[in-house]
Amino acid sequence: MPAFTVSEIARRVGARVEGDPERAITGVAAIDAAGASDLTFLEREALLSRLGASTPGAILVRAGVDIPEAAGAVALRVDEPQLAFIEVVRLFHPPPRAHPGIHPTAMLGAGVRLGAEVSLGPHVVVEEGSAVGDRTEVAAGCFLGAGSRVGRDCRLGHGVSILHGSILGDRVLVHAGARIGSDGFGFAATSEGAVKIPQVGRCVIGDDVEIGANSTVDRGALGDTTIGARTKLDNLVHVGHNVRIGEDCMIVAQVGIAGSARIGRGVALAGQAGIAGHLSVGAGARVSARSAVFKDVPPGETWGGYPARSHRSFLKASSALLRLPHALARIAAIERRLGLDPGTPAAAPDDDAAETRPGDP
Amino acid sequence: MPAFTVSEIARRVGARVEGDPERAITGVAAIDAAGASDLTFLEREALLSRLGASTPGAILVRAGVDIPEAAGAVALRVDEPQLAFIEVVRLFHPPPRAHPGIHPTAMLGAGVRLGAEVSLGPHVVVEEGSAVGDRTEVAAGCFLGAGSRVGRDCRLGHGVSILHGSILGDRVLVHAGARIGSDGFGFAATSEGAVKIPQVGRCVIGDDVEIGANSTVDRGALGDTTIGARTKLDNLVHVGHNVRIGEDCMIVAQVGIAGSARIGRGVALAGQAGIAGHLSVGAGARVSARSAVFKDVPPGETWGGYPARSHRSFLKASSALLRLPHALARIAAIERRLGLDPGTPAAAPDDDAAETRPGDP
Amino acid sequence: MPAFTVSEIARRVGARVEGDPERAITGVAAIDAAGASDLTFLEREALLSRLGASTPGAILVRAGVDIPEAAGAVALRVDEPQLAFIEVVRLFHPPPRAHPGIHPTAMLGAGVRLGAEVSLGPHVVVEEGSAVGDRTEVAAGCFLGAGSRVGRDCRLGHGVSILHGSILGDRVLVHAGARIGSDGFGFAATSEGAVKIPQVGRCVIGDDVEIGANSTVDRGALGDTTIGARTKLDNLVHVGHNVRIGEDCMIVAQVGIAGSARIGRGVALAGQAGIAGHLSVGAGARVSARSAVFKDVPPGETWGGYPARSHRSFLKASSALLRLPHALARIAAIERRLGLDPGTPAAAPDDDAAETRPGDP
């Protein structure tokens, strides 16, 4: 593990030092886990209380925030503590670099164009007519189908599939096992039964996109599936055919987006949310975890629930639901007082039939 | 990109031409995206309005449907426009063909039987005693475990696992990263703690089945997990051990089917639905997106919700739930009028305890 | 298929035989599917009725449980029938053994340490500084990143990723396509937009853990993601960065656990459940299928629902919800009787706006 003095780190991130500039820093840690030779950061003053549990050697912090004497930390004053911290993390943990060059077991088809300093790992297959940009690293076992294009400074993890004709921008990260450009789920109901609709569109992925492990992004049926620049997908996300996702979206793990949905710019879809097909989620909208969206979400709104509606309405209904069993008793008490007959639920027959079926044959 | 005249296309799909048979067609497109040299199709007359946004060169359409003059499209009259369109799509976008033959890096175990014109891509592993049928294409990095059998005219995508003893019919498509025949999730509670129950059954997949990218179908514990002919699974679907899925089912992305469930013929499970273990979903039933099924679904019914019940009941309850907060206020108003005491909810203690715990320690 | 006499099997599992010790047994089967030469087991007396449908050759059963004469089965008396059955299953279905040794196509980096009798399959990549323990089997196409360590007697399925620095204990099973140690989903909101937070922690997996096909376990951001000994994960499970899962947990298919959650010892998370970030699920707690947990679950409790609460409260609310449409009618009838005005729902404006938007643009 490398070691740096506080002043070396300060120079790197443009910080002003308050305390001993010669203190040795040997690692980075979260604010509640930092030891005497670790550097940490304080992004919000409200988190200052967490310092109680640790004694960091140094702390990146905004000007004007008082660090308690007792903490014993050297203060490095910066405008954006987390951004500076990220730079220091990279200093202590440089990202693992792929071995440069083309591994002898990599297979290249006819007419493949490779940029400068491309790294292709063992057992990589790049089919005919594909292109890989400068400095892009392709880990072991990846497959780049015919006519695919991957931009510069991309990193493809172990065993990734970039299927034929898919297009990735620059600085795209695709984590292990993700599938880009597999067939969408489309079948025509015909006199011959369900007939597969050929999926002949493409996947087009913008610059600086990140796609999580084992996620799947289907190619378009006709036309393209597109993911806008800087959008991030977590693990095990499903993106159906002809979906269009705007720029700067955050799509958390296990979200599913059905075919032809439109996700506007800057949308956040929290974990396990689902978006039904052909819907529109407007720019800047937020969908809370586990929500199931069955109609258009207007721009800028926060929705939640199953089926999803405004998050406020979802929370109110969820809270009211907890009081419902008691409310039913209150209604019955009122009816008794008034001598009213509760009557028979109109929907009872089929619901009751459903309720009373045995659980397991 | 190839080009065809209208009359060449008409001959191919058996259409009657109304308009210029010599018009050149250079591509296919959806009805709202077709340009002057594209062919499109009109499956339902109700979609005719979408023609407003485009000027297709030609349109596959049923007899008797009037195409507006303004659209300027040559009409190709057919009985099933979408079916004919699929044929034309294949004409313009022939599916990418695997390189024929056995790649020199493919590994074959003892006693492997390969049919005529089989294609095994780079780094494919076929273990001892396996068989691959005529014309089947196995993409790079696939693994066929010992004693597995894959039928004729199948296509296995990049990195697919067909684990030992699994059996696939003819014309099966398995997309990249799918896992067929991995161990089911079974443990016995014993005096020695949880002990793994050996998973020694098989996966048996019928003809014309399609399995989506990164989906998982577990082998049986004892006996088999089976998927009937023509059933289609989308991406990231989970099928537990000893599940039996009938013929002609549609299982949409991220659905989970727990162990030993029985899914009848012609069932549709929409996206992110879940079926609990040992249940039966009757033939022809439909389960709506995100539903969680905890009891048997009778044949032919449409269910939805969490927990799932008849879809009609689910929709009514969902709609009523939105009115519940207001209804609670109405109950309180009635009680005030009558001088009634609302009383204390019986369930309050444990619910309130839950409600008031801090969200994060 | 091998064959054994009843007495050979009895000796193997320490059973006392009641009936013909020379009867030939050629296979194992479930109690409702066993034929005259199959052995089965009866774990609970309540399942005795299933014997009606079958005529097993032999049955593992506790002392004192009467097997009907008509069944014709030889009884093998044991203390734990299922545990004994598992041993017999292994006798008839010995697990497929990997080919011993290092396949010539496997790639080993500098300083890799391999234990005795390690099996590395075709196209395996083990990067520099990694270690693999005695008798561990690594199937075709696996990737072990730089500095990773895999213990003794582990089995890694086809195409598994053990990313750099990950640590697995002994007897760990990882099924095909699982990804251990891919980047967590972490971005800082900065003046330069979302900036990726380097994910430099590790994945640390305890002894006897099992991880299902295509599951993903992210590395820690700083510090580690940990999974305790004997915990079992099913397929397509997502575990976020810095999650800590205790020992002896059961995590069923398609569960998602968001970053920094703490899952105590002996917790059961049923299929498709979700746990929000930074929460704590106490030791011994159970979360029912499809539940969405948004606050801490106390130790030992059973929770369910969306949002999750005590399972009892969830069931009562679900049941009450089915009666809600009728209850609304009853409230209206009371108001009519009393001449009360139902008033206007306070939340109507935004909800109605949401309700009346068109479903698809």
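Six residue pairs are in polar contact across the interface of domain 2 and domain 3 of chain A in this predicted model. No salt bridge is found across that interface.

**Domain 2 and domain 3 of chain A**

- Chain A is divided into domain 1 (4-92), domain 2 (101-310) and domain 3 (311-346).
- The contact involves seven residues of domain 2 of chain A and five residues of domain 3 of chain A.
- About 460 Å² is buried between these two domains, with 52% of the area on carbon and sulfur atoms.
- On the domain 2 side, β39 (302-305) and β40 (308-310) of chain A each supply at least two residues, and β39(A) gives the most, with four residues.
- By class, this side of domain 2 has one nonpolar, five polar and one charged residues.
- The centres of the two domains, taken over C-alpha atoms, lie 46 Å apart.

**Chain B and chain A**

- Contact between the chains involves 72 residues of chain B and 74 residues of chain A.
- The two chains bury about 5,700 Å² between them, of which carbon and sulfur atoms give 64%.
- B:His158, B:Arg290 and B:Lys295 supply 11% of the area that chain B buries against chain A, more than any other three residues.
- One salt bridge joins B:Glu335 to A:Arg330, with the closest N and O atoms 2.8 Å apart.
- Elements giving two or more residues to the chain B side include α2 (81-92), β39 (302-305) and α3 (311-338) of chain B; α3(B) gives the most, with 15 residues.
- The chain B side has 37 nonpolar, 22 polar and 13 charged residues.

Terms used
Residues numbered from 1 in each chain as written. Chains lettered and ligands numbered in written order. Predicted model: local features only at pLDDT ≥ 70, side-chain atom pairs only at ≥ 80, totals over all residues. Heavy atoms only, no water. Contact = heavy atoms within 4.5 Å. Buried area = accessible area lost by both parts, 1.4 Å probe. Salt bridge = Lys/Arg side-chain N within 4 Å of Asp/Glu carboxyl O. Nonpolar A, V, L, I, M, F, W, Y, C, P; charged D, E, K, R; others polar. Domains from an automatic or database assignment. Polar contact = N/O pair within 3.5 Å; in protein donor to acceptor, adjacent residues only side chain to side chain.
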